[in-house]
Amino acid sequence: MNEPIVARHWLALAAPKAAPALATSTVLILGRIWNANGAEHSTGNAALMVVLAAGAATAGAFASAGRAGDPVIAGTAFASSGALALAGVAGYSDGMSLPLLLWAIATAVAYGLAARYWRTDRRDTIAHHRHLEVRRTEHGHVERVEALRAGAQIEVAREGAAYAEALAQALTARAALPGFDPAELTKAGLPELPTVAITRED
């Protein structure tokens, strides 16, 4: 079982770790762009973001409280609620201190939630590698046993062929001796040898 070795690029390895920070930073940047385009101190825009954030949080609560609740839907809804709240504060505030504070809190919470899934994924990956290693060891053991058995059978067959050839040569050599009489050997108590048709030239 030879598996191909694939070397992943360092960007592919670092992208999942940077995703939470990129997501919260994108929301903060878009909120400040929205602030620069007239959302600052706009009551209507603030009320819209509050309603949207509350709606997303309510949807997440219903999704997680259901008997067959889907944790992916609930997590997506809560993440959307936090993003809408952060965007609303970033768009409505006139300074950067409160948006940056909320950005830091949101980033820390996002990394806390992501770390849980990363641990689960790492645990599953380690269990999968261990399972593959056990199966590889078992297959290797079976292959070694079968190779030893095949080698033993080949050796037995080779020894049997060598014995048969030596016996045939001995019978031929003994039958070629002058005055050879199989009946005399039987009378002497030696085991009777099978009759071999031997052609001798006189």
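This tour moves through the structure selection by selection and states what is found at each stop.

**The whole chain**

Display the entire protein as a cartoon. The model is predicted. The protein has 202 residues, of which 15% count as buried. Its secondary structure consists of 5 helices and 0 strands. Reading from the N terminus, the order of elements is therefore α-α-α-α-α.

**Helix α4**

Next, select residues 97-175, which form helix α4.

**The nonpolar surface patch**

Within the structure, select Leu 98, Leu 101, Ile 105, Val 109 and Leu 113 and show their side chains. Together these residues make a nonpolar surface patch of about 450 Å². Consider Leu 98 on its own: this residue lies in helix α4.

**The largest pocket**

Now turn to the largest pocket, whose volume is about 630 Å³. Which residues lie nearest the centre of this pocket? To find them, select Gly 75, Phe 78, Ala 79, Ala 110 and Leu 113, which lie nearest the centre among the 22 lining residues. The elements that give two or more residues to this lining are α1 (10-39), α3 (71-92) and α4. Colour these three helices separately. The largest share of the lining, 10 residues, comes from α3.

The lining may also be sorted by residue type: 17 of its residues are nonpolar, 4 are polar and 1 is charged.

The last stops concern charged side chains. Side chains of opposite charge can pair when their charged atoms come close.

*First stop.* Select Glu 133 and Arg 136 and show their side chains. These meet in a salt bridge with an N to O distance of 2.8 Å. The two residues are 3 residues apart in helix α4, which means that about one helical turn separates them. Arg 136 is partly exposed, with a relative accessible area of 29%. Glu 133 is partly exposed as well, with a value of 42%.

*Second stop.* Move along to Glu 146 and Arg 149. Their side chains meet in a salt bridge of 3.0 Å, N to O. Why are Glu 146 and Arg 149 separated by about one helical turn? The reason is that they are 3 residues apart in helix α4. Glu 146 counts as partly exposed at 41% relative accessibility, and Arg 149 counts as partly exposed at 45%.

Glu 155 is partly exposed, with a relative accessible area of 35%, and Arg 158 is partly exposed, with a relative accessible area of 48%.

Conventions:
Residues are numbered from 1 along each chain as its sequence is written. This is a predicted model: local features need pLDDT of at least 70, side-chain atom pairs count only at pLDDT 80 or more; totals for chains, interfaces and linings use all residues. Side-chain values use heavy atoms; hydrogens and water are left out. Patches are made of residues with over 30% relative accessible area and no salt bridge: like charges are joined within 9 Å, nonpolar side chains (Val, Leu, Ile, Met, Phe, Trp, Tyr) within 5 Å. Accessible areas come from the Shrake-Rupley method with a 1.4 Å probe; for residues, only the protein chains shown count as cover. A salt bridge is a side-chain nitrogen of Lys or Arg within 4 Å of a carboxyl oxygen of Asp or Glu. Helices (H or I, at least four residues) and strands (E, at least two) are DSSP runs, numbered from the N terminus. On a 1 Å grid over the protein atoms alone, a cavity is a set of points where a 1.4 Å probe fits but cannot get out, and a pocket is an open set with protein on both sides within 12 Å along at least five of seven lines; lining residues have an atom within 4 Å of a point. Grid points are joined across faces, edges and corners, and a volume is the space filled by probe spheres set on the points. Ala, Val, Leu, Ile, Met, Phe, Trp, Tyr, Cys and Pro count as nonpolar, Asp, Glu, Lys and Arg as charged, and the others, Gly among them, as polar. Buried means under 20% relative accessible area, exposed over 50%, partly exposed in between (1.4 Å probe, protein chains only).
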